[in-house]
Amino acid sequence: MNKKNLTILLLALAVPVTAWLPLPDFWIAQLNYIGLYALVSLGLVLLTGVGGLTSFGQAAFVGIGAYTTAWLTLNTGMSPWLTLFVGMALTGVSALVVGFITLRMSGHYLPLATIAWGLSLYYLMGNLDVLGKYDGLQGLKSLSIGAIDIGQGRLFFVLCWAILIAGALALTHLLDSRPGRAIRSLKGGTQMAEAMGISTFRYKVTIFLIAALFASIAGWLLAHFQRTVNPSAFGLKMGIEYLFMAVIGGVGHVWGAIVGAGLVKLLDDYLQVALPALIGTSGSYEVIVFGIALVLVLKYLPDGLWSVVARKFPKAQRVVDWQDAADLPVRAKPAIGEPVLVVDKIRKQFGGLVAVNDISFDIAAGQIVGLIGPNGAGKSTTFNLVTGVLSKTSGRVTFCGQDVSALPSREISRQGMARTFQHVKMIADMTVLENVAMGAYTRGSSGVVSSMLRTNQAEEQRLMKEAQRQLERIGMGAYMHEQAGNLAMGPQRLMEIARALCCDPALLLLDEPAAGLRHKEKQGLIAVLRQLQGEGMSILLVEHDMDLVMDVCDQLVVMEFGTLLTRGTPAEVQANPAVRAAYLGTEH
Ligand code: ADP
Ligand code: MG
């Protein structure tokens with residue numbers, strides 16, 4: 001039995017064992033509340049901690065789950081085991097509607113929008129006659145299976161914590177999968193993920209939905225645990241507290257949600273008793289203490305309390321179990337000499353400035369074409385027009401015979417155009433292997449549910465095998481298990497090339513791959529480029545370093561002030577007086 005399965009078994013045993021320990025009922029009740037809160041903050045760990053999307057509105061989703069089961073069981077006599085799913089469906093629809101509207105907003109608008117959403121649902125619950133206004137609904141039955149009453153005590157503890165641990169395991173599985181890597185890339189901005197063929201908007205909506213569903217299940221449990229629902233449990237104050245639990249426990253750590261929930265609940269109870277005794281008057285002073293505690297945690301432990309624990313137990317190296325996995329399918333590519341990329345009079349205007357002025361060039365399969373020019377010539381803009389990051393003012397780009405002029409970068413990448421970035425974009429806390437596997441995103445298909453249930457393993461092995469193969473292809477095999485963030489600049493850039501190769505590209509675009517490299521690292525890069533050239537890879541290289549460009553390119557395209565100055569072989573370009581003038585600034 002491996003370590004992972006052992007952990008799961010121990011967790012599965014811990015719950016019933018705890019339930020039958022001779023603990024006082026009060027403790028069990030506390031643990032029940034902690035389990036309920038942890039379930040909500042678990043969703044927030046995914047949404048806010050991992051995905052970087054802040055929501056103050058989680059309590060409202062708890063409310064939907066709770067009110068749905070309360071109203072239905074009281075008014076229709078429906079079984080709570082069915083109302084759970086009705087509640088989840090209602091929550092799901094609300095989350096999708098709210099998500100589609102708000103998740104396109106950037107920066108502070110999203111948290112503000114979730115506050116508005118949380119408040120409006122709170123007032124709605126408080127003002128609807130059918131929901132009992134601010135008194136809420138009373139007299140719910142506790143959960144039961146046949147004649148067995150699950151009640152509020154030990155059996156409820158077993159149910160609640162079993163759901164919690166299953167949820168936490170599902171999330172750990174999810175984060176270590178194809179969609180999970182996509183989710184983990186969201187925090188670093190959308191450009192890299194989109195270039196890997198990932199729809200970042202879809203994943204934002206997905207994690208918003210998952211977090212809402214966790215909250216809804218917690219609401220269902222809470223309603224039958226307390227046997228009464230009223231709006232105060234689902235207002236903005238609770239929304240803030242849930243976020244607080246996720247942040248204190250550990251923004252990126254699934255198990256931190258439980259630590260955070262436990263800490264906030266116990267501290268909350270303690271302070272409600274201790275503070276009035278200390279100050280002499282009663283009032284919600286604990287809010288102030290929480291505020292101070294939050295500031296301190298954010299300052300001294302920005303990754304939350306669980307990060308301290310996680311540091312003590314470094315993640316075990318991934319077991320290499322994919323040698324026998326099947327290879328991923330490869331795409332048909334143009335034969336050597338056939339056109340891969342045809343750029344026809346592309347143009348980009350920023351207001352009055354023509355950054356790229358009707359540039360045309362083409363790349364034949366197997367060629368390395370260098371795009372050069374002085375600073376501000378329009379190279380990066382051209383690069384972004386070709387890859388679909390920027391929209392063209394006019395002109396046409398044909399890739400492998402297909403017109404891709406109007407496609408976004410995500411779709412162009414799906415067609416087999418892979419790129420690296422001028423400033424390395426990676427997920428620093430993932431291993432090199434996992435980062436590289438992101439490049440093969442579009443060659444897999446496993447989704448969120450199969451990843452949570454771990455039925456994605458065959459595909460996962462194929463992706464890992466491909467990532468290892470591409471790393472070894474460019475001599476990076478030894479770095480496979482390193483944390484990407486620990487690499488020096490040279491290996492980081494090579495890692496990006498391996499990631500791009502993982503997409504099985506028909507064309508590789510490199511944006512200043514030599515920038516910031518030391519001499520020795522540059523030699524390594526040249527060796528890799530030569531090797532790829534030998535293998536027949538087609539490459540567009542935007543580069544500042546003249547030695548490198550002259551060394552590896554078959555053709556050069558020279559730009560100046562947004563226009564095409566000249567094109568030809570490195571020798572022809574070097575002999576061209578206009579190019580010398582552009583670089584040296586002399587009159588020609
Ligand atoms: P290079 O990569 O060759 O150094 P760029 O493509 O970055 O050049 O820039 C070409 C010109 O377009 C420059 O004058 C730059 O200031 C301008 N430019 C680039 N991006 C933008 C933008 N987003 N908005 C306005 N002007 C831009
Ligand atoms: Mg540039």
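Let's start inside the protein: β10 and α19 (489-501) each supply at least two residues of the lining of the second largest cavity. This is a predicted model, in which local features need pLDDT of at least 70 and side-chain atom pairs count only at pLDDT 80 or more, while totals for chains, interfaces and linings use all residues. Residues are numbered from 1 along each chain as its sequence is written, chains are lettered from A and ligands numbered from 1 in the order in which they are written, and side-chain values use heavy atoms, with hydrogens and water left out.

Helices (H or I, at least four residues) and strands (E, at least two) are DSSP runs, numbered from the N terminus. A cavity, found on a 1 Å grid over the protein atoms alone, is a set of points where a 1.4 Å probe fits but cannot get out, and lining residues have an atom within 4 Å of a point. Grid points are joined across faces, edges and corners, and a volume is the space filled by probe spheres set on the points.

Back to our cavity. About 50 Å³ of space lies in this second largest cavity. Its lining is made by Ala-195, Met-196, Ser-413, Met-417, Ala-418, Arg-419, Gly-439, Arg-499, Ala-500 and Cys-503. β10 gives the largest share, three residues. By class, the lining has six nonpolar, two polar and two charged residues; here Ala, Val, Leu, Ile, Met, Phe, Trp, Tyr, Cys and Pro count as nonpolar, Asp, Glu, Lys and Arg as charged, and the others, Gly among them, as polar.

Now turn to the largest cavity, which holds about 70 Å³ of space. Around it you will find Ala-195, Thr-387, Val-389, Ser-409, Ile-412, Ser-413, Met-417, Ala-418 and Arg-419. Over the whole structure, the search finds four cavities of 30 Å³ or more.

Let's step back to the whole chain. The protein chain has 23 helices and 14 strands, and its C-alpha trace spans about 90 × 55 × 50 Å along the principal axes. Of its 588 residues, 52% are buried, where buried means under 20% relative accessible area, exposed over 50%, and partly exposed in between (1.4 Å probe, protein chains only).

Next come the charged partners. Side chains of opposite charge can pair when their charged atoms come close. A salt bridge is a side-chain nitrogen of Lys or Arg within 4 Å of a carboxyl oxygen of Asp or Glu, and by this rule the count comes to 21. In one of them, Glu-496 pairs with Arg-499, with the closest N and O atoms 2.9 Å apart. These two residues are separated by about one helical turn because they are three residues apart in helix α19. Glu-496 is buried, at 1% relative accessible area, and Arg-499 is buried, also with a value of 1%.

Other bridges reach across the sequence. Arg-410 and Glu-194 meet through their side chains in a salt bridge (2.8 Å, N to O). Arg-410 lies in helix α15 and Glu-194 in helix α8 (residues 191-195), so the pair ties together parts that are 216 residues apart in sequence. Arg-410 is partly exposed at 21% relative accessible area, whereas Glu-194 is buried at 12%.

Asp-176 forms a salt bridge with Arg-318, and their closest N and O atoms are 2.5 Å apart. This pair links distant parts of the chain, 142 residues apart: Asp-176 is in the loop between α6 (154-175) and α7 (178-184), and Arg-318 is in the loop between α13 (306-312) and β5 (339-350). Asp-176 counts as buried at 19% relative accessibility, while Arg-318 is partly exposed at 21%. Salt bridges that share partners join Asp-176, Arg-318, Glu-434 and Arg-454 into one network.

Finally, visit the second largest pocket, which has a volume of about 320 Å³. A pocket is an open set of points with protein on both sides within 12 Å along at least five of seven lines. Of the 15 residues that line this one, Ile-240, Glu-241, Leu-243, Phe-244 and Leu-294 are the closest to its centre. The elements giving two or more residues to the lining are α10 (236-250) and α12 (286-300).
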